[in-house]
Amino acid sequence: MTDPRYPIGEFQPKDVLTPVERAAAIEQIARTPDRLRAAISGLNSEQLDTRYREGGWTVRQVVHHLPDSHVNWYIRFKLALAEEEPTIKPYDEARWAELPDSRLTPVEVSLALLDALHRRWVILLKAMRPEEFARRMNHPERGVISLDWALAGMA
């Protein structure tokens, strides 16, 4: 690892996924809540409030960031499925991470939110037809992206 901001490497966008890649990405999204719960299992408050790297967020902020980010992407998927190439709204992740709910809320609240959100999202993803993954949205910071691209990024 050369850059601690990207422990598994930077995302390499792919505009079109194969059916196998798509199924693997959906499975990854389905497993995310359980994997997050396992990763923080047994951590005390002091550990949750530890920054995992210099200049980075605390573990607690990362846990709260995931449902913040994923609820935004879930809505973006629905917009792209229901509208023709909608322009979606970005948000300031760093500012959101500093809001009181990201510092004060017990992590179990975000884990429960992530569980429910991912159950809905996976139902939607598994019901989508292959051609629907080619639908696009306009991200003001990233340009026009496909739902396959977004799925790969979320996975």
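Student: Is Arg135 buried, exposed or partly exposed? What's its relative accessible area?
Tutor: Arg135 is partly exposed, at 23% relative accessible area. Keep in mind that this is a predicted model.

Student: Which side chain does Arg135 meet in a salt bridge?
Tutor: Glu84. The N to O distance is 3.1 Å.

Student: What does that pair tie together?
Tutor: Glu84 lies in the loop between α3 and α4 (93-98). Arg135 lies in the loop between α6 (107-127) and β1 (136-139). The pair therefore ties together parts 51 residues apart in sequence.

Student: And Glu84, buried or exposed?
Tutor: Glu84 counts as exposed, with 68% relative accessibility.

Student: Switching topic. How many salt bridges are there in the whole structure?
Tutor: A search of the whole structure gives seven. One of them joins Arg60 and Asp49, with the closest N and O atoms 2.7 Å apart.

Student: Where do Arg60 and Asp49 lie?
Tutor: Arg60 is in helix α3 (residues 59-82). Asp49 is in the loop between α2 (45-48) and α3, so the pair links parts eleven residues apart in sequence.

Student: Why is Arg60 called buried?
Tutor: Because its relative accessible area is 8%, and buried means under 20%. Asp49 is partly exposed, at 41%.

Student: What about Arg129? Which partner does it have?
Tutor: Glu132. Their closest N and O atoms are 3.6 Å apart. Arg129 is partly exposed at 46% relative accessibility, while Glu132 is buried at 16%.

Student: Which residues do shared partners join into one network?
Tutor: Arg37, Glu108 and Asp115, through salt bridges that share partners.

Key: Residues are numbered from 1 along each chain as its sequence is written. This is a predicted model: local features need pLDDT of at least 70, side-chain atom pairs count only at pLDDT 80 or more; totals for chains, interfaces and linings use all residues. Side-chain values use heavy atoms; hydrogens and water are left out. A salt bridge is a side-chain nitrogen of Lys or Arg within 4 Å of a carboxyl oxygen of Asp or Glu. Helices (H or I, at least four residues) and strands (E, at least two) are DSSP runs, numbered from the N terminus. Buried means under 20% relative accessible area, exposed over 50%, partly exposed in between (1.4 Å probe, protein chains only).
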